[in-house]
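Please examine the sequence and the structure shown below. A short report on selected features follows.

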Amino acid sequence: MIKLLSGNEALALGAYHAGIKVATAYPGTPSTEILETIASFDDVYTEWSTNEKVATEVGLGAAYSGVRVLVSMKQVGLNVASDPFFAASTTGIVGGLVVVSCGDPGIHSSQGEQDNRHYAKFAKVPMLEPTDSQEAYDLMDWVFNISEEFDTPVLLRSTTRISHCKTVVNVNRERKTDLRQPSFTRSPEKFVMIPAYARLRHQIMEERIVKLRTYVEDSPLNEMLLADRKLGVISSGVAHQYAREVFRDASHLKLVTTYPIPAKLIRRFTQEVERIIVVEELDPFLEDEIRALGIPVTGKEFIPLTGELNPEIVENAAIQAGILPVPLKPSLKSREAEPQLPQRPPLLCAGCPHTATEFTLRGLGIYNPCSVGDLPEERKIPSQLKKAGLVVAGDIGCYTLGVYAPLFALDTTACMGASIGQALGLEKAGVQNKIIAVIGDSTFLHSGMTGLVDVVYNQGSTTVIILDNETTAMTGHQSHPGTGISAKGIETRAVQLETIAQGIGVQDVNVVNAFDLPAIESAISRCVETDEPSVIIVRGACPLHVKVSGTPLEVDSEKCDGCYACLRIGCPAISVADDKGWIDSSLCIGSSCSTCAQVCPQEAIEDSKK
Amino acid sequence: MKEINVLMVGVGGQGVILASDTMSEIGTNNGYDVKKSDSLGMAQRGGGVVSHVRWGKHIFSPLIKKGEVDFLLGFEQLEAARWSSYLKSDGVAIVSDVVIVPVSVIGGNTPYPSWGEANKILAQYTDEIYLLPATKIGTEVGNPRALNVVMLGSLSVFLELETETWTDGIRHRLPPQFVESSLEAFSRGAAEAGAMRLANEAKK
């Protein structure tokens with residue numbers, strides 16, 4: 001059957017047809033849709049795990065029973081999961097275990113750019129990379145067979161332009177049903193990694209890679225296309241598509257088994273062509289591996305090390321390096337210098353439950369004392385705070401967008417769950433400011449909890465704001481343990497944030513409404529003055545998730561004096577018309593938010609139906 | 001089988017992805033090799049959205065090379081101007097008259113370009129620019145969210161496929177309650193673009 005599938009849909013369907021019984025993941029762009037797709041298949045146990053480490057551990061346990069398991073995550077997710085990933089490599093598996101890591105070259109939605117191919121070499125695990133959705137689908141059959149044949153987890157690496165591109169797929173397999181039934185057979189030498197047994201396993205891991213080196217030599221997945229022998233291009237992943245697009249006449253070697261690499265095949269290719277180049281995104285991974293074979297290749301001399309590639313980047317690099325001729329440009333029309341066009345940065349949405357808190361943090365932060373000059377007297381900054389100011393350690397989620405104008409609400413963002421530890425570190429180092437950690441509900445459960453334990457145990461006085469929008473919003477509204485809804489949409493048991501905080505030992509736990517500006521401000525102002533740890537759960541559902549719609553608010557132009565205080569909350573529904581504030585009724589969610597009405601000193605914003 | 005490169009650009013929430021998905025499925029069902037790739041940025045809404053759709057006999061790159069776009073579909077005027085340099089010299093720009101002012105304009109120093117200015121930027125790359133009264137069509141068919149189908153309708157005029165192929169694709173992709181107004185929006189978009197194209201050819 002011919003279908004148009006995204007890489008992620010193809011990976012999911014391929015894994016389903018390979019007979020997986022268990023699939024685990026933590027949401028993360030660009031990997032999220034893999035588990036979402038699998039969740040629609042009835043006969044696969046599917047879970048959103050608390051984090052990627054847990055996802056991998058659940059996957060490993062299931063694989064020990066003999067069933068096939070798929071674990072998926074974004075590139076930085078594998079940093080979190082690296083401990084069980086290495087452990088899986090050490091113990092090996094019983095049923096096939098495939099870890100999908102989706103990279104984000106170009107950083108469309110991540111906190112950093114990293115090349116996860118190194119993990120394969122580091123953990124001594126075989127790696128395969130598809131070049132389109134068809135291969136993503138086809139490879140799933142191969143990787144599970146490799147996993148079981150060589151008793152190893154397999155890393156299947158994708159990137160944004162594989163996972164999120166739709167390409168045509170011939171879906172030509174049915175779900176495998178003749179697979180092993182789950183049962184656990186004791187084997188301490190394999191499963192219990194005390195040093196004595198781990199030493200044995202390390203030996204086995206090294207032998208396994210040697211066997212895999214031989215195996216990949218004959219793999220039909222790698223493809224040599226001989227054309228013009230002057231230039232030979234080695235590439236993998238989506239970079240292969242760019243290479244084919246740009247070097248139309250050249251000879252190509254497409255590598256799908258990218259660790260270990262097929263050395264003899266590469267040597268053969270080298271003998272067929274005069275000059276070899278490698279086209280790959282991010283690090284010179286293949287280039288270094290090939291060079292280690294003693295083959296002189298170039299690549300990163302002219303292909304950029306950072307960012308994602310595209311056809312014109314590859315083409316321009318090749319022209320500058322003299323590999324492609326300078327094109328005879330068609331006579332272009334005379335062009336003026338391009339006028340500067342305004343940028344369109346991402347924003348918190350209209351009605352976002354994070355806005356009021358971030359607006360408050362900015363107001364209390366005294367970065368720009370003038371900005372609160374037009375607030376009523378009772379909402380001016382407390383004098384003590386004004387003296388020291390706030391430092392806000394941020395985390396990963398939609399609220400990170402509060403770093404932009406006009407909110408300017410965050411001082412740090414590092415990685416999942418880092419805010420709480422960073423806040424404690426700043427405090428213990430002796431920074432004089434009041435320090436706040438800001439973290440989302442899903443992120444707190446992912447890896448913020450352990451930080452909070454550290455604060456309690458080590459007698460910090462950190463104030464932790466948990467922005468609870470009751471979903472994992474940034475990746476597209478996935479459920480998490482706090483929601484009490486499973487990955488398949490079935491009601492389960494909800495984990496309570498306030499109970500966790502209390503259980504950890506925080507005495508000062510507060511819950512406030514995300515749209516109640518005075519309550520948020522008073523809770524923060526009070527908590528930062530105490531010498532004990534405190535938690536403020538700011539609760540309000542993401543309006544895009546629960547699809548809130550109310551009567552939009554409007555600005556009474558009689559009352560509006562054009563002070564633009566309403567613009568400072570950064571709501572995309574609010575702009576200026578005729579020198580007065582103006583609310584776009586197609587975006588405003590109405591009185592369930594009303595953050596703008598609360599900041600308006602003239603009380604000029606009200607329900608449009610009044 | 002002629003290769004066709006379409007770049008759809010707009011703002012989150014405008015239905016760019018639904019339009020490019022629909023177009024990609026139509027291409028697949030008609031025997032083309034199809035690749036499509038979106039850039040969404042981080043936000044759920046409000047950021048720029050770019051979708052590359054490629055039809056052909058055999059497509060390699062999922063991203064269209066700069067200077068090789070046959071049809072630039074601007075769902076929003078500023079975004080159309082921003083991506084103009086992707087156009088081929090004989091490419092076609094179809095731009096909806098929708099204006100969505102970014103927050104950076106409200107608080108900043110760079111003004112939102114007028115249509116005259118946006119048109120001038122586009123005209124550096126192509127002579128064939130059509131400004132579509134998409135807002136009016138949306139209101140008149142009683143479905144302001146039908147902008148994406150208006151854009152598909154206008155594009156259909158320039159491609160070889162039968163109208164039924166498009167309408168079947170739309171019927172298949174859209175929720176039933178929106179099908180009727182969407183099909184009307186589609187034919188209105190096609191009629192507008194068709195008339196403008198004829199007028200343009202007469203001028204030549």
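In which sense, left-handed or right-handed, does α6(B) pass α8(B)? The crossing is right-handed, a term used if the near helix is turned clockwise from the far one by less than a right angle. This is a predicted model, in which local features need pLDDT of at least 70 and side-chain atom pairs count only at pLDDT 80 or more, while totals for chains, interfaces and linings use all residues. Residues are numbered from 1 along each chain as its sequence is written, and chains are lettered from A in the order in which they are written.

**Two helices of chain B**

The axes of α6(B) and α8(B) come within 7 Å and cross at roughly 45°.

| Helix | Residues |
|---|---|
| α6(B) | 147-156 |
| α8(B) | 176-203 |
| α11(A) | 237-246 |

**A covered helix of chain A**

In α11(A), ten of ten residues are buried (20 or more other C-beta atoms within 10 Å of their own). The elements covering them include β10 (228-235) and α14 (311-320) of chain A.

**Between the chains**

The contact takes 42 residues from chain A and 43 residues from chain B. On the side of chain B, β2(B) gives the largest share, seven residues. Strand β8 of chain A pairs with β2(B) in the antiparallel sense over two bridges, and K166(A) stands opposite K36(B). Pairing requires at least two bridges found by DSSP.

Technical notes:
Contact = placed C-beta atoms within 7 Å. Helix = DSSP H or I, 4+ residues; strand = E, 2+ residues; numbered from the N terminus. Buried ≥ 20, exposed ≤ 12 C-beta atoms within 10 Å, placed from the backbone. Axes fitted to C-alpha atoms, helices over the stretch in contact; angles between N-to-C directions.
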